Amino acid sequence: MRRRSPTRVLAASAAALTALTMAACASSDRNAADEGGSSASGGTLVFGAAGDPAMLDPAFGSDGETFRISRQIFDGLLTTKPGSADLAPSLAKSYDVSGDGLEYTFHLEDGVTFADGTDFNADAVCANFERWYNFTGLAQSPSASTYWQDVFGGFKDTPNTPNIYKSCAASDDATAVVTLNQVTSKFPAALTLPSFSMQSPTAMEKYDADNLSGNDDALTYPAYALEHPTGTGPFTFDSWDRGNGEVTLVRNEDYWGDKAKLDKIIFRTISDGNTRRQELEAGSIDGYDLVAPADYDSLDQAGFQVLPRDPFNILYLGINAGGVAGTSANPALQDVRVRQALAYAIDRDTIVNSLLPAGAEKAIEFMPPSVDGWTDDVTTYDYDPAKARQLLTEAGALNMKLRFYYPTDVSRPYLPDPAAMFQVISKNLTDAGFTIEAVSLPWSPDYLNAVQAGQADIHLLGWTGDYNDAYNFIGTFFAAKADGAAKAEFGAFRDQGIFDALAKADGAPDAETRTVDYQEANRLIMDYLPGVPISHSPPALVVAGDVDGLVPSPLTAEDFAPVTIGN
Amino acid sequence: MSTAFSAGIRTALAGQAPVLEVEELSVRFTRRGEAGTQAVDGVSFSVAPGETIGLVGESGCGKSVTSLAVMGLLPGRGVQVGGSVRLDGQELVGAGDRTLRKLRGADMAMVFQDPLSSLNPTVTIGVQVTEVLRQHRGMNGKEATEEAADLLDRVGIPDPRRRLGEYPHQLSGGMRQRALIAMSLACSPRLLIADEPTTALDVTIQAQILELLRELVQGSGTALVMITHDLGVVAGLCDRVHVMYAGKIIETAERRDLFARPRHPYTGGLLASVPRLDTPRGTALTPIRGSARDAIPWAQGCAFAPRCDSGQDDCLTEVAGTTVPLEDDGPGRELRCRHPLATAPVAGSPTTSGADR
Amino acid sequence: MLRFIVRRLLQLIPILLGLSVLLFAWLRALPGGPAQAALGERATPEDIARYNDAFGLDQPIIVQYLKFLGRALRLDFGTSSRTGRAVTTEFLERFPGTVELTVFAMIVAIGIGIPVGYLAARRHGSWIDSTSVIGSLLGVAIPVFFLAYMLRLVFAVDLGWLPGSGRQDVRMDATHVTNFYVLDGLLTREWDAAWDALVHLVLPGIALGTIPLAIIVRITRASVLDVVNEDYVRTANAKGLANATVRRRHIIRNALLPVSTTIGLQTGLLLSGAVLTETVFAFGGVGSALREAISNRDYSILQGFILILAVMYVLVNLLVDISYGLLDPRVRVR
Amino acid sequence: MTAALGHRREKIDALAARAGQVPADGGGVSLTKSAFRRLRRDPVAIIGAVIVVVFLLVAAFAPLLAPRDPLEQALLSQVRQGSIPGAQDGFPLGVDQLGRDVLSRLIYGSRQSLMIGVISTVLGAVVGMALGVLAGAFGGWADTLVMRFVDILLSIPGLLMAISISVLLGQNQYALMIAIAVTQVPVFARLLRGSMLAQRDSDYALATKALGVKRSRIVFTHVLPNSLSPVIVQGTLSLATAIIEAAALSFLGLGDPDISRPEWGAMLASAQAVLSFRPQLAIYPALCIIVVALGFTLLGESLREALDPKFRR
């Protein structure tokens with residue numbers, strides 16, 4: 001479950017230009033690869049997933065498991081380079097941007113067909129954009145078209161909600177023109193998200209793709225999303241055995257790019273981490289995601305390949321400054337000294353060394369160093385329990401009681417073992433003079449609902465970036481929302497300074513300025529301390545020794561097409 | 001059937017070689033950790049064809065154990081059986097399980113006290129009767145059923161065919177006992193042991209069952225060993241009586257003799273504790289003091305001494321120097337007592353159920 | 001016999017009604033009431049209103065209960081808040097696995113339990129006896145999930161002798177007709193598939209079987225000890241029957257009466273979801289489904305499954321009861 | 001009620017009835033007295049008793065016995081993912097994933113685990129007995145009502161029951177105790193009702209009734225005391241199951257949310273993550289659970305045998 005970031009305007013010709021150049025070199029790579037592209041070796045790969053996909057229509061998806069699968073079935077117009085967060089071409093060989101940054105002309109790969117035989121062309125592209133834009137009813141619910149609403153805003157029949165998509169036109173079969181209402185840095189980068197994959201218009205038509213039923217929280221999906229997801233990807237959907245949590249994909253024999261090596265991939269749901277590991281060791285699966293850090297070494301010694309991703313995430317201790325209607329957060333947390341006490345109390349070095357895998361980094365602000373806008377020049381709070389206690393005493397809040405929420409039944413890329421993390425931090429805090437009351441809830445939906453509704457005093461939460469953009473991190477957390485406050489998660493956190501800084505950075509004309517502005521925003525945030533950034537942790541995949549070609553992606557956007565097994 | 005019985009009669013007529021000879025039979029129960037208990041202690045007796053003897057005594061005197069020992073039905077572990085038991089001259093003590101199983105049900109049979117618990121509740125009467133016939137007379141299903149019906153009829157169960165299909169709980173107490181007897185007689189055994197066959201039954205039924213036994217035995221020349229505490233039964237049925245106390249035979253006599261002149265104070269006591277019609281009303285019964293539990297080990301002296309009115313110091317070994325022996329006491333009588341009763345404490349014979357007719 | 005069965009069936013009615021009331025109450029008592037439970041905490045007031053309206057939650061409680069009952073009788077327990085599929089569908093998909101597992105576990109438990117119990121009783125006081133007694137006590141004292149983990153660690157992971165999770169090797173695309181995988185394999189003549197499914201039952205089956213095994217050993221032992229001291233066994237021996245006959249017809253037949261009850265009871269318990277074992281072995285049965293429902297707070301699943309399982313448990317007991325009647329003539333006539 | 005459940009009932013009732021046979025003059029006590037006399041000669045009972053007593057003492061004196069603070073993450077800085085410092089000076093059994101002394105946690109854990117067991121059992125026993133008295137003493141519709149209710153409880157498999165209840169009450173240790181307690185109720189209810197019926201028809205009770213003694217007085221002066229011994233037996237046995245069930249529930253994540261508080265079930269559950277390279281962390285608490293459960297079972301069984309001649313062999 002990724003969390004969302006509200007849309008922001010941004011004049012981003014720079015992004016587009018860089019993208020273009022990449023497109024150039026990337027496509028040459030592709031040609032080179034083409035010669036070698038064979039569909040010989042084959043074999044079946046069984047991959048252990050941590051959970052069932054919600055369904056298989058990425059337009060309605062927002063969770064990692066859904067995306068992992070749809071990434072294999074579908075292509076987007078753009079994608080990211082293997083192993084990085086940078087743009088690369090996909091169904092769009094390249095694109096140009098009009099001077100005003102509102103009109104994007106995509107030059108499409110030709111001779112591409114969807115798995116059901118439908119031609120992929122400019123009409124198909126527009127059909128997809130129009131589909132998203134014309135969602136009605138339940139399809140508009142935030143739990144359905146999550147990413148559309150994050151990136152583009154509203155729908156055709158919701159004129160009051162701001163919306164940056166204007167129109168899509170096919171100038172010819174191989175050329176689609178997408179027009180926006182406003183410039184935004186998210187576009188076209190966001191087109192790398194699985195939610196904006198190209199899906200077969202005929203198949204969606206045939207299987208009633210947009211016909212959601214049920215209710216906001218228990219959506220019931222149409223046949224398309226459950227049995228007939230149809231894309232242009234290297235694999236095609238074969239079957240989904242819900243009883244045993246097994247999704248089976250088979251190689252797309254007429255894939256337009258290099259054909260997949262594997263005959264078949266089976267994504268098998270094994271919710272328990274230990275079971276996943278033991279299954280790999282027992283050989284009944286060939287790999288799985290979210291390896292428990294404790295297992296890195298033993299798996300490595302056992303001859304498995306542990307593939308850590310670059311940490312592109314943040315774990316933080318959320319502080320609820322209170323004041324949210326219907327919640328009873330501890331008002332003392334509005335006192336900056338108390339928040340600082342929290343920061344000083346936590347021994348992040350030990351946490352990073354002892355609880356997180358090698359390669360994890362201590363976080364000094366709310367974004368990983370690899371994101372533009374990160375700076376080491378922020379107020380840092382090194383482990384100092386004495387100081388924490390002193391600050392607490394000054395604030396007259398010694399032994400104040402905090403309801404500390406943590407999730408159960410879950411392992412997140414940025415938080416491998418919530419229980420352990422909770423125990424260490426709460427010990428730190430107790431030693432520093434806080435009194436902790438533990439509250440644990442199942443990750444989804446209870447925990448997320450509770451903390452995002454501001455019911456906790458302090459809580460553990462984190463974020464994995466969708467693409468390389470500072471706003472995707474701190475904007476998500478601390479930018480003012482429609483109601484002028486930040487997320488309820490942080491309580492009645494209203495700091496105009498920070499809001500303005502973010503808006504400023506967001507609207508900055510060029511990359512350099514934007515970087516500087518974001519650095520400033522980071523400084524302000526770390527002075528105000530709406531939460532305590534803790535760590536960036538490298539989540540890892542693991543595969544059997546005979547599996548090759550799986551490139552870990554910082555965005556967890558792995559592509560299984562180049563993967564081979566058994567040779 | 002008739003063939004089987006006539007065969008029985010012939011043996012009965014052919015000389016009086018005893019069917020069963022028991023010599024110095026002793027049974028000792030040993031439990032881990034605890035001192036063993038001597039249940040039967042040097043018991044000897046014999047039964048001739050057609051003869052009926054009684055083993056009489058209070059519960060716990062060892063009479064039932066004796067019968068089980070004869071049948072070889074005592075549990076294997078924790079029991080030591082000594083002495084000798086011969087059936088038609090064949091030694092049974094220490095005989096193999098196979099041998100015993102061949103004899104049991106065929107040459108020697110037993111009728112037990114509680115007919116309900118002695119019948120398998122989950123198996124029809126038919127099966128329980130026929131299984132003996134199949135086992136020992138190698139009959140096939142049909143013959144066996146015929147025979148079984150015949151047997152039931154013989155022991156006086158009306159509408160036997162229907163009964164064959166019924167379960168024990170569907171029969172009355174008397175019927176059950178009759179069924180049991182039918183089974184025990186299925187192979188017209190040489191020896192029949194009846195262990196308190198009537199105790200669990202109503203008085204009227206008791207009489208019928210005893211009558212039945214009497215007829216069957218007389219008809220066939222089967223040797224019958226009656227085990228009972230009920231002197232009435234003895235009076236009604238037995239030729240000779242062995243009175244047991246604390247695992248030993250303390251007095252042996254021909255029936256009338258015994259009732260006329262009980263010699264052992266215990267025997268006397270038993271007789272005296274039977275209510276009688278011919279004593280004036282108001283005369284109190286004279287029960288024996290205490291209970292069988294008060295017995296002392298024979299090694300220390302007469303086990304009955306603690307309860308005995310005529311008991312004296314020399315009843316104890318340490319005084320007399322020897323244990324009390326079982327000695328001849330007139331024709332056909334034996335007695336184990338140093339201070340026997342001079343005369344019968346009471347005249348005549350008791351009037352109770354099954355009194356001699 | 002028929003009257004006996006009918007009477008028993010009638011006796012079920014109050015129990016089943018009571019059950020439904022209990023679960024109805026449970027659902028209403030859930031945090032935020034049934035609507036919240038069904039829709040989740042993020043449900044908007046409109047959603048709730050819509051739901052309440054749909055399920056008549058604004059009507060008097062008794063009406064609501066009757067409606068609930070009506071739906072339950074039509075096997076309609078709503079839809080899973082996670083998969084959005086009908087609870088009944090989910091159940092039917094999961095149940096065959098649990099049945100297979102239960103059957104296997106009970107075969108283990110009975111196959112070992114009765115002989116051992118019998119032996120222990122016949123060799124009363126011997127080392128066999130004492131070890132079986134200690135063993136059966138241990139069997140009950142070991143937390144199932146710990147045992148399960150250890151079994152997997154040793155036999156699936158370290159030794160790699162047996163599969164440690166799932167119902168069938170996913171690489172083997174077996175055709176599934178009935179969802180009873182072993183059966184399917186046999187029906188479709190895919191022997192390897194059947195065998196594979198069977199092998200997948202071994203470890204969870206053993207883990208699941210231990211408690212019934214322990215209990216069956218104890219009951220068998222006790223009841224054989226009772227029976228061998230019964231008069232009718234002495235009678236049988238007095239009849240000079242062959243050892244085999246005595247054992248078969250007079251000892252075992254009667255000794256098994258109480259054991260059969262235990263077996264039925266245990267089967268019922270296992271059927272009602274081996275939550276722990278199935279979780280450890282990632283075994284796609286009712287138990288693991290319950291586990292998932294707990295961690296997803298999928299109340300419709302919980303409520304539906306628990307109701308179905310409880311009813312089934314009661315029915316199993318009824319069957320046990322009837323079989324008891326068949327085995328023991330004394331019950332029949334009463 | 002069906003026979004299978006019925007069978008369970010009969011066993012309980014039988015036990016109860018036997019308590020009922022006790023001579024009226026406050027015989028319940030004398031029976032337990034003689035039972036204890038027998039127990040003293042029963043090695044099984046002694047083993048059980050020793051185990052139980054030892055653990056109770058450990059729980060009672062945990063602060064004195066534990067070498068260190070069970071919460072102190074003493075060696076956390078030496079912990080690395082995939083490697084945990086082993087046993088060493090001051091840490092006889094080594095440390096857990098968070099560098100806490102395992103021995104101390106086991107010792108303190110006994111408190112939590114036993115407390116959960118005892119409280120839930122006592123709770124279940126009290127409620128159950130109350131129901132039983134209600135049914136047994138007043139009979140008639142009260143009896144039918146209570147017993148039907150109990151039958152319904154019996155018809156829901158224990159773990160399912162516990163799960164639904166702790167789901168209902170949310171995740172905290174009190175919910176845990178209540179959940180387990182409820183699963184215990186039916187047994188005790190039947191038990192007490194059974195012995196009450198046995199008592200009610202006992203000559204003594206009839207006699208006192210004939211003398212016009214109030215029913216309530218008969219119940220409390222006579223019936224209850226006599227029903228005590230079977231309740232003690234059942235209680236001992238229930239303690240074992242309660243402790244195991246508690247472990248199961250915290251394994252399912254329905255236990256005490258403050259997982260740093262040492263409790264065997266939670267320790268066992270959290271150790272699963274390191275099972276591959278540090279199985280001891282799972283085995284130690286598991287052993288504690290097994291031994292204690294075994295202790296209570298042995299004690300209970302021998303108690304039952306002592307109280308009930310039929311069981312003796």
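A residue is called buried if 20 or more other C-beta atoms lie within 10 Å of its own, exposed if 12 or fewer, and partly exposed in between, with C-beta atoms placed from the backbone. This is a predicted model, in which local features need pLDDT of at least 70 and side-chain atom pairs count only at pLDDT 80 or more, while totals for chains, interfaces and linings use all residues. Residues are numbered from 1 along each chain as its sequence is written, and chains are lettered from A and ligands numbered from 1 in the order in which they are written.

**View 1. Asp310(A) and its surroundings.** Asp310(A) sits in the loop between β14 (305-308) and β15 (313-319) of chain A; helices (H or I, at least four residues) and strands (E, at least two) are DSSP runs, numbered from the N terminus. Is Asp310(A) buried, exposed or partly exposed? Asp310(A) counts as partly exposed because it has 18 C-beta neighbours inside 10 Å. Setting aside neighbours within four places in sequence, Asp310(A) is in contact with Ser370(A), Pro538(A) and Pro554(A); contact here means that the C-beta atoms of two residues, placed from the backbone, lie within 7 Å. Leu290(A) is 20 residues from Asp310(A) along the chain, and their C-alpha atoms are separated by 13 Å.

**View 2. A four-stranded sheet in chain A.** The order in this open sheet of 4 strands is β4-β5-β7-β6 (chain A), and the pairing is antiparallel; two strands pair if DSSP finds at least two bridges between them. β4 (92-97) and β6 (165-172) of chain A are at the edges with a single partner strand each, so one side of each has no neighbour in the sheet. From one strand to the next, the twist averages 20°. β6(A) pairs with β7 (residues 175-180) of chain A over 6 bridges, in the antiparallel sense, and Ser167(A) has Thr179(A) in β7(A) as its bridge partner. Helix α3 (residues 122-133) of chain A packs on the sheet and touches β5 (103-108), β6 and β7 of chain A, with its direction at about 165° to that of β6(A). For such angles, axes are lines fitted to C-alpha atoms, for helices over the stretch in contact, and angles run from 0 to 180 degrees between N-to-C directions.

**View 3. Two helices packing in chain A.** Helix α14 (residues 470-478) of chain A packs against helix α16 (residues 511-528) of chain A at an angle of about 35°, and their axes are 11 Å apart. On the α14(A) side the contact is made by Ala470(A), Ile474(A) and Phe478(A), and on the α16(A) side by Tyr518(A), Ala521(A), Asn522(A) and Ile525(A). By class, that makes 6 nonpolar, 1 polar and no charged residues; Ala, Val, Leu, Ile, Met, Phe, Trp, Tyr, Cys and Pro count as nonpolar, Asp, Glu, Lys and Arg as charged, and the others, Gly among them, as polar.

**View 4. Where chain D meets chain C.** Here 38 residues of chain D are in contact with 44 residues of chain C. Which helix of chain D gives the most to the side that touches chain C? That is α12(D), with 8 residues. By class, this side of chain D has 28 nonpolar, 7 polar and 3 charged residues.

**View 5. The ends of chain B.** Chain B has a mean pLDDT of 79, and 88% of its residues reach 70 or more; pLDDT is the predictor's confidence in each residue, from 0 to 100. Over residues 1-14 of chain B the pLDDT is below 50, and this stretch has 17 contacts in the model beyond near neighbours in sequence. Residues 344-357 of chain B also stay under 50, with 41 contacts beyond four places in sequence.
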